[in-house]
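Please look over the sequence and the model below before reading on.

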Amino acid sequence: MFAKGASGNHVHTHTYPAEEEDFASTDASRLDTWVFTQVKSFFQSSESNSTLKASLLEDKNIFFLHLLGIDTNGHAHRPMSKEYLDNIVLVDRGVAELVDVIEDFFGRDGRTTYVFTSDHGMTNWGSHGAGHPSETLTPLVVWGSGVSKAQRVTEPQLFEGDDFLQDWKLEHIRRVDVNQADIAPLMASLVGLPIPVNSVGVLPLLYLNSSDKFKAESMYTNAIQVLEQFKVKMRQKEETTLSFFFTPYQHLTESKQADFTQKARILIQLEKYSEAISLCQTLISLSLEGLVYYHTYDRFFLGCSVVLGFVGWTSYVILIILRTHASLNRRPNLTKQISSRNLMRLSVSVAAVITVFLLLQRSPITYYIYCLLPVPVWYSVLKESGALTDLIRSAPSLPLGKCLSSFVLVAFGIELLVVSFFHRAMLTVGLAVLSLWPLLTGLFSKAKFRSLSWFVACLCLAFFPLMPVVGREANLHLVTCAGLLTLVTSACFLWSSWRRSPLHASDRWQFFIQMLLVAVCSFVPLLTHSSLLQKRGLPLLNQIISWSTLASSILVPLLSSTRIFYRLFSIFLSLTSTYLLLSTGSEALFPPVLSWLMFAWINIEQEALLTQGVPGRQELSTIDFSANIDITKIRQLKLDDIRRSYFFVFFIITAFFGTGNIASINSFDPASVYCFLTVFNPFIMGGLMMWKVLIPFIIVMCTFESIQVSTQLSSRSLFLVVLVISDAMALHFFFMVQDYGSWLDIGTSISHYVIVMSMTIFLMLLSVVTHLLTSKRLILWNRHKMHFP
């Protein structure tokens with residue numbers, strides 16, 4: 001990392017291969033031992049290498065040692081484990097030995113400084129990445145040349161959020177906390193190098209054991225370095241903004257900058273060092289605030305563009321639904337209020353004005369996306385405005401009360417889903433409300449067993465959002481229980497289905513093999529972790545079973561019957577096997593409970609169709625995914641279809657947040673992939689965790705595909721309704737995120753449009769995969785001849 005792109009020949013690195021970072025290692029602390037051994041050998045080799053020794057005896061040399069073994073043990077065995085505590089002792093002893101080696105080499109001249117710190121903390125669960133003090137508070141111990149000695153204090157020291165002083169018995173020693181960015185100017189000052197130009201750190205003077213003059217000069221240098229960043233940012237923004245639109249940062253205008261620097265310089269010359277230091281610290285604080293001001297300068301402007309685009313896109317989708325998928329009173333011969341030609345001219349004119357404005361401001365290319373995208377969107381909205389006219393004409397014949405109540409319920413539901421992004425427990429509230437749906441709509445009196453199944457499944461699933469994502473201990477016996485639960489429910493389902501319609505022999509054998517694989521996969525994690533605990537490594541047989549199960553998880557369902565329940569059952573067994581291998585505790589129970597609710601949803605939707613009196617309703621047992629859909633039976637959208645679409649969005653969010661998600665790296669536990677590999681590989685491990693997150697998605701998507709087929713509704717219709725609900729959620733979320741401007745920064749952001757469109761494309765691709773997974777069949781035998789249609 002340090003050598004890449006470095007100029008000249010002054011950065012030299014020596015590392016061990018990445019394969020050495022093995023979570024199944026018998027002793028990960030050997031990574032730290034390797035570092036200590038290499039440093040000792042390095043100094044010893046200089047005795048016989050005059051060129052190297054001369055280079056080492058020069059000033060301003062920096063030695064950087066990365067001790068990764070203690071990090072690996074923390075992740076693999078948890079911070080309170082014997083392995084981790086022993087590793088602490090080893091590192092402590094190793095640092096002491098290296099200090100002696102370095103001091104002996106330099107003749108104990110007292111000119112070496114030591115900085116000992118960490119890049120992050122760790123929870124007791126062995127994770128990091130969130131905002132807990134145990135993760136964000138890291139040690140910083142500095143000693144040696146130019147560093148103040150520890151100071152004793154008598155008054156109590158209060159630090160909110162931690163009890164480290166009491167735990168370490170250091171209440172009598174003064175503790176000085178700094179930001180992690182402050183270490184860069186500290187090291188630069190100690191070594192005598194310029195502070196890095198892009199550093200936003202503030203020199204912590206309390207660490208320095210030097211004259212007041214040196215401290216004042218160092219702080220002045222720090223202030224000038226941060227001020228230069230501010231001036232560059234201000235100049236960049238001024239050059240890309242029309243003069244009459246530009247509003248400079250009022251607290252640090254050019255005249256005030258000159259006043260600060262001149263006054264600080266005079267104070268140093270007058271030897272009023274404390275006043276100079278205080279003035280420089282004020283200048284640094286204002287410069288950092290000004291950097292934020294210019295960094296988010298266009299927040300309001302870009303935010304308005306994003307909102308216009310969202311509102312326009314959502315309006316367009318709604319109008320398309322009204323025009324093509326709703327039964328409205330239409331008069332095709334009515335004269336349009338605005339001709340298409342005039343509308344096109346207006347849109348082109350607006351786009352031209354925006355383009356000229358952005359060109360004059362020399363705006364970055366991303367700004368053109370933000371500002372120009374709403375133009376074609378609103379052109380399409382105005383072009384489809386006839387659908388809105390049709391809706392107004394049809395208003396007297398519509399059940400306005402039912403429409404209004406549906407709108408209020410969906411709006412409340414969207415609010416609940418958006419809040420669930422911040423508080424997972426809201427999903428529990430939503431599932432509790434959904435469990436009452438059959439009772440509130442009268443379905444309970446007509447289908448008691450199915451309604452009761454829906455009620456119990458909703459309440460069971462409601463427990464998962466209440467479970468902790470971070471901090472849960474591995475409990476592999478729960479993984480085994482999840483596998484056994486899957487087998488019991490599968491056996492019950494097969495027995496009930498077999499009574500209604502006998503299975504083909506090939507399907508019977510396939511389901512039997514899949515259930516056998518579930519049984520095997522429910523024990524593989526337990527055996528794997530037991531082997532790792534006994535320091536015997538990852539068993540090869542377990543690894544083969546795991547990768548084979550993963551590779552076949554999509555192909556095996558294609559061999560089963562395409563009848564609705566049999567295909568869904570095969571998909572469920574195949575995906576559950578993989579999920580069990582990627583689980584370490586209670587989350588293994590999530591797919592079986594989710595699948596139970598999804599099967600109940602399919603059944604109860606049939607009862608809802610019967611209540612609505614939809615003609616030509618098919619029996620679920622006779623539905624075949626691969627059968628050609630009769631276009632004449634495809635019906636128009638009804639209000640109840642909005643409820644179905646909302647259910648789908650709700651279950652997708654539940655599938656994502658039910659047990660933790662890839663959005664928070666803090667919920668990632670390396671132990672989840674130990675059945676597949678133990679050597680640290682972020683790409684393979686990340687891919688496996690992503691697949692684990694996608695499995696509940698696919699279960700929900702397959703269920704929605706089944707409901708679309710069974711309710712005889714166009715998949716395009718339902719997808720458009722889902723799109724409207726998702727866009728409304730995204731827009732609401734956009735307003736709820738307090739620091740949404742960070743998404744719109746010039747240098748570091750990705751367009752919010754790109755994010756939302758990527759999510760939309762992702763759902764579309766996933767729906768295509770789901771359609772292929774449910775409707776296609778791979779036939780491996782037919783009249784004893786192999787072929788693959």
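## Overall build

Among contacts in the protein between residues at least 6 apart in sequence, what percentage join residues at least 24 apart? The share is 75%, and this value, like the others in this report, was computed from a predicted model.

The protein contains 29 helices and two strands. Of its 789 residues, 45% count as buried, while the accessible surface of the protein comes to about 41300 Å², with 64% of that area belonging to carbon and sulfur atoms.

In soluble globular proteins, nonpolar side chains tend to be buried together. Here the largest nonpolar core has 109 residues, and the members that touch the most other members are Trp 454, Leu 597, Trp 601, Phe 648, Phe 650 and Phe 651. Helix H27, which covers residues 682-710, gives the most to this core, contributing 16 residues.

For a view of the surroundings of one of these members, Phe 651 can be taken as an example. When its neighbours within four places in sequence are left aside, Phe 651 is in contact with Leu 431, Leu 434, Trp 454, Leu 597, Met 598, Trp 601 and Val 700.

## A nonpolar patch on the surface

Nonpolar residues also occur on the surface, where Leu 436, Leu 439, Leu 440, Phe 444, Leu 452, Phe 455, Val 456, Leu 459 and Trp 596 form a patch with about 790 Å² of accessible area together. Two elements give two or more residues to the patch, namely helix H18 (437-441) and helix H20 (448-461).

Helix H20 supplies the largest share of the patch, with four residues.

## Salt bridges

Side chains of opposite charge can pair when their charged atoms come close. In this model the count comes to 16 salt bridges. One of them joins Arg 108 to Asp 100, with the closest N and O atoms 3.7 Å apart; Asp 100 counts as partly exposed, at 39% relative accessibility.

Another salt bridge brings together the side chains of Glu 217 and Arg 265, at 2.7 Å from N to O. Because Glu 217 lies in helix H8 (residues 212-239) and Arg 265 in helix H9 (residues 254-269), the pair ties together parts that are 48 residues apart in sequence. Both partners are partly exposed, Glu 217 at 24% relative accessibility and Arg 265 with a relative accessible area of 25%.

## A buried pair and its network

Are Asp 641 and Arg 644 buried or exposed? Both residues are buried, and they form a salt bridge in which the closest N and O atoms are 2.7 Å apart. Asp 641 and Arg 644 both lie in helix H26 (residues 639-657), where they are three residues apart, or about one turn of the helix.

This pair belongs to a network of salt bridges that links Glu 605, Asp 641, Arg 643 and Arg 644.

Technical notes
Residues numbered from 1 in each chain as written. Predicted model: local features only at pLDDT ≥ 70, side-chain atom pairs only at ≥ 80, totals over all residues. Heavy atoms only, no water. Buried < 20%, exposed > 50% of the residue type's maximum accessible area, 1.4 Å probe, protein only. Contact = heavy atoms within 4.5 Å. Areas by Shrake-Rupley, 256 points an atom, 1.4 Å probe, with all protein chains shown as cover. Core = buried A, V, L, I, M, F, W, Y, C linked by side-chain atoms within 4.5 Å. Patch = residues over 30% accessible without salt bridge, like charges linked within 9 Å, V, L, I, M, F, W, Y side chains within 5 Å. Salt bridge = Lys/Arg side-chain N within 4 Å of Asp/Glu carboxyl O.
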